[in-house]
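Dear colleague,

Please find the structure below, with its sequence. My notes on what was found in it follow directly after.

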Amino acid sequence: MPLPSYALGVMEASVYAPEVLARGLPSALPPAQPSEGRAEPTGLAAQAAPLLSLQGIGLSFGGVVALADIDLSVHPGEIRAIIGPNGAGKSSLINVISGVYRPDRGHVLLDGVGYAQVPTQRLAHLGVARTFQNLALFKGLSVLDNVASGLAYKVRSNFAGQVLGIGRSRGEQRDTLSRADQILQFLDLSPVRDRLVGTLPYGLQKRVELARALVAQPRLLLLDEPMAGMTASEKGEMAGFVRAARDRFATTVVLIEHDVGVVMGLSDRIAVLDYGRKIADATPDEVRNDQRVIDAYLGVASDNEDGAGI
Ligand SMILES: Nc1ncnc2c1ncn2[C@@H]1O[C@H](COP(=O)(O)OP(=O)(O)OP(=O)(O)O)[C@@H](O)[C@H]1O
């Protein structure tokens, strides 16, 4: 199947750090890390200015306060989880960070530059990519086309050039396919490259969504429940891929996830929400022993998919 017109093009070079451009995409999948061997952020990363800053974020729906006075700083290369019981405000927060919701109060800053509600295209140019809680893939298209569509917002060629396949567009098309193929290899998806996404098992579809978000080598990757609905071994694999992506591309990752056990093994730091407020923001070990967190989760351990609790 030819690549659809929306998927043609190349990425805007300005989005990428020079070292990533120089390094290019990997040619082979690095070994997935065990989910427990957490890599602490380096002293340098921990001291660097945050890539993402939330300052005093507030958001209400009618009379319902979804988020209240949330501050958050996520440093370059960090894997940051946001957890909390049902209705705590996790989805609202990721929607604020990804520009879907405009907060009633407060500021969102990426590299010190503020933004509020932004269209997806602008978000991509800022270097932010996300996955969705409920898969948002083109089920009737191949894995390759779905992943290539992750570059759709980076196109340089105009529509006519894409349709006619002329001039720079052809080069762009080759470049798009090449980048998509490399990310497929990185995530061990090459064997299903030409399969229609709708025919794949759910766990693999989640991985295709990760590939589509990663193909643009975002500075900030937002993952909305990346392991939801997966088996325990699929979750472990996914955690390994997320960490490998961070290690290879220096991508900063913010994820929300219900499986607290997986989150503890994967994250450098964890922010805990409860009733729209941040009640903890610390390392996994500190969070595990935080009385407020334990209290917030008491009686809701069964909400975690593996029932693991904290
Ligand atoms: N679009 C909306 N309209 C009205 N209320 C909303 C909307 N979205 C979220 N809320 C409310 O805001 C609060 C926070 O919801 P949110 O979905 O952000 O929590 P969550 O932690 O992601 O929950 P879950 O784990 O169940 O997905 C809840 O009380 C919810 O009912």
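Strand E3 (residues 79-83) runs parallel to strand E8 (residues 252-256), and four bridges join the two. Within this pair, isoleucine 82 stands opposite isoleucine 256 in E8. Helices (H or I, at least four residues) and strands (E, at least two) are DSSP runs, numbered from the N terminus; two strands pair if DSSP finds at least two bridges between them.

Please note that this is a predicted model, in which local features need pLDDT of at least 70 and side-chain atom pairs count only at pLDDT 80 or more, while totals for chains, interfaces and linings use all residues. Residues are numbered from 1 along each chain as its sequence is written.

The six-stranded sheet

E3 and E8 belong to an open sheet of six strands with mixed pairing, in the order E6-E7-E8-E3-E9-E10. Strand E6 (128-130) and strand E10 (277-282) each have a single partner strand, so one side of each lacks a neighbour in the sheet. On average, neighbouring strands of this sheet are turned by 15° against each other, direction ignored.

Helix H9 (residues 232-249) packs on this sheet and touches E3, strand E7 (220-224) and E8. Contact here requires that the C-beta atoms of two residues, placed from the backbone, lie within 7 Å. The direction of H9 makes about 140° with that of E3; axes are lines fitted to C-alpha atoms, for helices over the stretch in contact, and angles run from 0 to 180 degrees between N-to-C directions.

H9 has 18 residues and reaches 26 Å from its first C-alpha to its last, close to the expected 26 Å; the expected span is 1.5 Å times one less than the number of residues. Among the buried residues of H9 are Met238, Phe241, Val242, Ala245 and Phe249. A residue is buried if 20 or more other C-beta atoms lie within 10 Å of its own, exposed if 12 or fewer, and partly exposed in between, with C-beta atoms placed from the backbone. Just after H9, alanine 250 takes a positive phi of about 60°.

The four-stranded sheet

A further open sheet has four strands in the order E2-E1-E4-E5, with antiparallel pairing. Its edges are strand E2 (64-74) and strand E5 (113-115); each has a single partner strand, so one side of each is left without a neighbour. The twist averages 30° from one strand to the next. Strand E1 (residues 52-61) is joined to strand E4 (residues 105-110) by five bridges, and leucine 52 has leucine 110 as its bridge partner in E4. Helix H3 (residues 90-97) packs on the sheet and touches E1, E2 and E4, its direction making about 60° with that of E2.

The ligand

Residues surrounding the ligand include Phe61, Val64, Asn86, Lys90 and Ser91; a residue is near a molecule if its C-beta atom, placed from the backbone, lies within 6 Å of it. E2 and H3 are the elements that give two or more residues to this shell, and H3 gives the largest share, three residues.

Loop residues

Aspartate 111 lies in the loop between E4 and E5 and has a positive phi near 55°. With 14 other C-beta atoms within 10 Å, aspartate 111 is partly exposed. Leucine 151, in the loop between helix H5 (143-148) and helix H6 (159-164), is buried, with 26 other C-beta atoms within 10 Å.

Yours sincerely
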